[in-house]
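I am opening a notebook on a structure I have not seen before. I will write down what I look up, entry by entry.

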Amino acid sequence: MNDIPGVWISFKIDDDDYWVALDRDQLDNATGLQWAGWGVFALALSLFGAAFITSLVNRPFARLAMAARKVGSGQSPEPLPERGMGVAAETNRSFNQMVQDLEQLEADRALMLAGISHDLRTPLARLRLETEMSPSDQITKDAMVDDIEQMDMIIGRFLDYARPVQRVPEPVDLSVIAGELAARMQSEDSMRLITRLAPSAVIEADETDMRRVVGNLLENARKYGLSDGDGIPHVILETRVSHSRVELSVVDEGPGIPEDQLALVTRPFYRVNSARTQANGTGLGMAIVQRLVGRYRGALRLRNRTPGPGLEVTIEFPLAKGA
């Protein structure tokens, strides 16, 4: 161009054309090592720029993913920033609105459940008192009182399952809770219970919720873990601490659960079509356990014993910080 020999490079800035000329002799004299160095430098600069841009793009979505995980575990995340007019800002606004709607729904449900509990349990209490004072024979009265208690228990299970999260997690020792509940059940002389408890198994949770979880597991084992030998439930209750995890397992010697139904028993109102099903169940026991365990970043596992018979139920939580 312009009769000047060399390598010409064209580029445009603000609709204006610009040309840069490179001396061909300098390019011809460049060694292969220099070309390689320029190529590596250009590649490194491109990778650095791409990584920087990717981090800027992914940062708001990483915050969104973390907030979604908190919502999934039953916690209330901090509101996401809503600055700007881009897709990320609009997504954050929609997510914040969804969290507010969920919190309002939980509050409305808690109020409704409190009303149901009061409106149903008050007449049940009167009905039980009237039954005990009625002139009917003792067998009929006992049957009626048992039905009333069963209705009250079913209402309590519904409330346990639907109750919203209201408590702040604190250090809780699963071994202590398991030991106290095991001692109470053993005193009733309704099962053979063997305990193998770690000296300390501290997690971050609510003590009331953990008592409900362990109590439900033991009650299921007592109901459905009847041994073929003597007709008495044989149950092993164990806590273990491994690295940064805490495990609690309940093992019975009952008929177990069909393999194709193991993943279904934590669904609300699901009943196993086997000897582990009883008419006085609500179908909410394992669903309540699953819900409460998930609130505190835990996991629930069920598996049939091999060799059987029997079912092993294990819950696992992160070890509390500083424990």
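Entry 1: Leaving aside its neighbours within four places in sequence, which residues is asparagine 92 in contact with? I note first that I am reading a predicted model. I looked up the contacts and found Leu64, Leu80, Pro81 and Glu82. Asparagine 92 itself lies in helix H3, which covers residues 87–133. Its relative accessible area is 5%. The cut-off for buried is under 20%, so asparagine 92 counts as buried.

**Entry 2: the chain as a whole.** I stepped back to the overall figures. The chain has 323 residues, and 33% of them count as buried. Its secondary structure comes to seven helices and nine strands. I then checked contacts between residues at least 6 apart in sequence: 60% of these join residues at least 24 apart. The accessible surface comes to about 20000 Å². Carbon and sulfur atoms account for 57% of that surface.

**Entry 3: a nonpolar patch.** Which residues make the nonpolar patch of about 360 Å²? I wrote down Phe48, Phe52 and Ile53. I followed up phenylalanine 52, which sits in helix H2 (residues 32–72). Its relative accessible area is 48%. Exposed would need over 50%, so phenylalanine 52 is classed as partly exposed.

**Entry 4: two helices together.** Two packed helices are described by the angle between their axes and the distance between the axes. I looked up both values for H6 (residues 207–224) and H7. The angle is about 145°, and the axes are 9 Å apart. The crossing of H6 and H7 is left-handed. I also listed residues that meet there. From H6 they include Met210, Val213 and Leu217. From H7 they include Ile288, Leu292 and Val293.

**Entry 5: positive phi.** Last, I looked at two backbone angles. Histidine 243 has a positive phi of about 55°, although it is not a glycine. I found histidine 243 in the loop between strand S6 (234–242) and strand S7 (245–252). Is histidine 243 buried or exposed? It counts as exposed, because its relative accessibility is 78%.

Arginine 297 also went into the notebook. Its phi is near 60°, a positive value in a residue other than glycine. Arginine 297 lies in the loop between helix H7 (285–295) and strand S8 (299–304). Its relative accessible area is 53%, so arginine 297 is exposed.

Methods: Residues are numbered from 1 along each chain as its sequence is written. This is a predicted model: local features need pLDDT of at least 70, side-chain atom pairs count only at pLDDT 80 or more; totals for chains, interfaces and linings use all residues. Side-chain values use heavy atoms; hydrogens and water are left out. Helices (H or I, at least four residues) and strands (E, at least two) are DSSP runs, numbered from the N terminus. Buried means under 20% relative accessible area, exposed over 50%, partly exposed in between (1.4 Å probe, protein chains only). Contact means heavy atoms within 4.5 Å. Patches are made of residues with over 30% relative accessible area and no salt bridge: like charges are joined within 9 Å, nonpolar side chains (Val, Leu, Ile, Met, Phe, Trp, Tyr) within 5 Å. Accessible areas come from the Shrake-Rupley method with a 1.4 Å probe; for residues, only the protein chains shown count as cover. A salt bridge is a side-chain nitrogen of Lys or Arg within 4 Å of a carboxyl oxygen of Asp or Glu. Axes are lines fitted to C-alpha atoms, for helices over the stretch in contact, and angles run from 0 to 180 degrees between N-to-C directions. A crossing is left-handed if the near helix is turned anticlockwise from the far one by less than a right angle, and right-handed if clockwise.
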